Structure formats: structure tokens, C-alpha cells
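Colleague: I would like to learn how to read a few local features. Can we work through them one at a time?

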Amino acid sequence: MKKRNLALAMVLAMAMTTMGSATVFADDASDDAAGNDYTIAYVPTTMNNPFWTAMLGGIKEEMEAKGMDVDSQLVTVDANSDQATMNNYVNDLIAQEVDAIILAPMDCTAVTEALQACEDAGIPVINVDTAVDASDKVVSIIASDNYKAGVECANDMMSKLDEGSKIAVMDQPSGTACVQREQGFLDTVGDYFEIVSTTDTEGDTAKTMTAAEDVLTADDDLAAFFCINDMGALGCVQAAQAAGKDDILIYGVDGNPDFMGYVADGSATASAAQQPSVIGQKALDAAIDTLDGKEVEHDQTVDVVLINKDNIADFDVTDWQ
């Protein structure tokens, strides 16, 4: 990852048709595609987050490397962080007879309905980022080492703060990946810190900012925030700046290029960086291999790395790691 150009091959000008909030590419597959005419659907939690755009870039890059036609062989939908909407879109994709679906759930339990529909239709699902509860209904789960992300943040925080320091946690219990990050953090810190509050802010910047403002008002001597993603951590940055608290440590998870600017200037402390483009590439490979009748590893983990002010110069943070 160090000092290399990680810009994704993004295809920005595409011939497409729009159905609701779903972007559906043309149906006719290219005859020049390398050995297949498969149609792959990408169903992320939302497209209102650069993480999912970066993952889409990895999928497109890998399709092009395989000689596939992105315009004709890729279908994308935007569930706008609503699981019921996602389930409806999955049913639409089944009706369109796509060959495989790459999916990241908003709710790892409520998505089971859609997974069952795919199983009944014989359409393989590659689960990315957040593991679904019904893991037997997906071909593969490809995700960052989310537990390690929490561990890395915890170790760095303990190296900077005294035992007994007050900290607050901003979590999201509905997401398996978020739960794993929080568990890695909590298991590592043990009783080293005094955790004064834990709030479900759904990883949302505005919700986290409001919660962080409340915590800062209640505990004037708060030392740090641990957030399950960078968008939530950004809310903590905004709350701390508004309160004039420039000594609060703020940790996130993702490696969002926008958030890394705050790490660089010291407004935030660190982020356990993911590699969404790599996840996208691996997901596309798993989908094609499955359709080609090859065996695919069920659980695939992509490494994370903690980026803080001490090592940020070693990385190209203008893009996702």
C-alpha cells in the first residue's frame, strides 16, 4: 500500500438507463468478454459513502482485467441505507435474471429474506464487508479484518492515554462488521479505560456529532472517542472543534481519504484503514469462479492498517488504501 498510486479505474461516462433509484446498465453482454457473458449485480448498503464507490471501482477494474464489458455486464442499485428497499431491489434483480449478486447488507438479519429469494432462484450471492447472519445462504463472505481494526485502535489509544482515562464509544449494533470492530476494541482495552457512554449512532456523521456534543457536555474531562467508522468519527471531530476541545483523541475505521485530512492536521487521531477496492476485486473473482463451477473459499479476510500522524507520510491517503 505504501506510496503507490491506488487511484481506481473509474468509468464515469456510461450509457445507462435509470429505474427508480437503481442504475441499470444495458442488457446485451459483449461477445468479446473473456469466456463469459455473465451479468453481475452490485448491491451496497448505500452509494452515499465513498467507501462503496471505491469498492465499485475495484469491481469495475477487475471486470476490465477479465475482458468483461462493464457497461453491459454490471448492474448497480442504491438501497439508500434501507434494508427493505434493498430486499425489493434484490427481488427486481432476480426478475432480471442476473447471474450473481455482490451484496453488503444494511441489516445483517433482515437481509435473510432477500438471501432466501436468491437461493430459491439459484442466484449465488457474494457477501461483502458486513457478514450476514444467514451465512449458509451466501457463497462467500469477503470482509476486512474488522476485529483487528478495533484492536489496532485500542492499542494506539492505550499508548497515548493513562489508565482510567474517560472515553466514549460510538457504535452500530445492527452491522456485524461494526460489532466486530467494537468487540476488538473492548476486548483489547479491558478495564484500562473508564467507558462513560456507548451510543448507537449508525455510523452517521450528524447523529454522531449530536451524541458527541452530549458526551462532551456531560464529561468535561473526556479523553477520547472510539467510532466504528470514519463518518461517525467526523461527527466527533466537529463536536470537539465546536466545544474547543483540541486535545480529544478521535479514532475511526475505514481510511476514508476525506477523514485522513483530519488525521494529517491533528484534528483526528487515527483510522484503521480498509481496502475496499481489494474487497471489490476479490468479490468479482468469487462471483465469476462460482459461475464457472470453481470452488470458492467461504470466509475471506482483507487486512487493515492503522494510519496515524506518525506514519501517515508513508501512505498515499488521497485515495483508499
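**Backbone and burial**

Modeller: Start with Asn80, which is partly exposed because its relative accessible area is 47%, between the cut-offs of 20% and 50%. Keep in mind that this is a predicted model.

Colleague: Where is Asn80 found?

Modeller: Asn80 lies in the loop between β4 (74-76) and α3 (83-96).

Colleague: How do I read the phi of Asn80?

Modeller: Begin with the general idea. Most residues other than glycine have a negative phi. Now the case here. Asn80 is not glycine, and its phi is positive, near 50°.

Colleague: What is the phi of Ser81?

Modeller: Near 60°, again a positive value in a residue other than glycine. Ser81 also sits in the loop between β4 and α3.

Colleague: Now Asp230. Is Asp230 buried or exposed?

Modeller: Buried means under 20% relative accessible area. Asp230 has 1% relative accessibility, so it counts as buried. Its place is in helix α8, residues 230-242.

Colleague: Which residues is Asp230 in contact with, beyond its neighbours within four places in sequence?

Modeller: Gly252, Val253, Asp254, Gly255, Asn256, Phe259 and Ser271.

Colleague: What joins the side chains of Asp230 and Ser271?

Modeller: A polar contact of 2.9 Å.

Colleague: And how far apart are Asp230 and Met260 in sequence and in space?

Modeller: They are 30 residues apart in sequence. In space, the C-alpha to C-alpha distance is 8.9 Å.

Definitions and conventions. Residues numbered from 1 in each chain as written. Predicted model: local features only at pLDDT ≥ 70, side-chain atom pairs only at ≥ 80, totals over all residues. Heavy atoms only, no water. Helix = DSSP H or I, 4+ residues; strand = E, 2+ residues; numbered from the N terminus. Buried < 20%, exposed > 50% of the residue type's maximum accessible area, 1.4 Å probe, protein only. Contact = heavy atoms within 4.5 Å. Polar contact = N/O pair within 3.5 Å; in protein donor to acceptor, adjacent residues only side chain to side chain.
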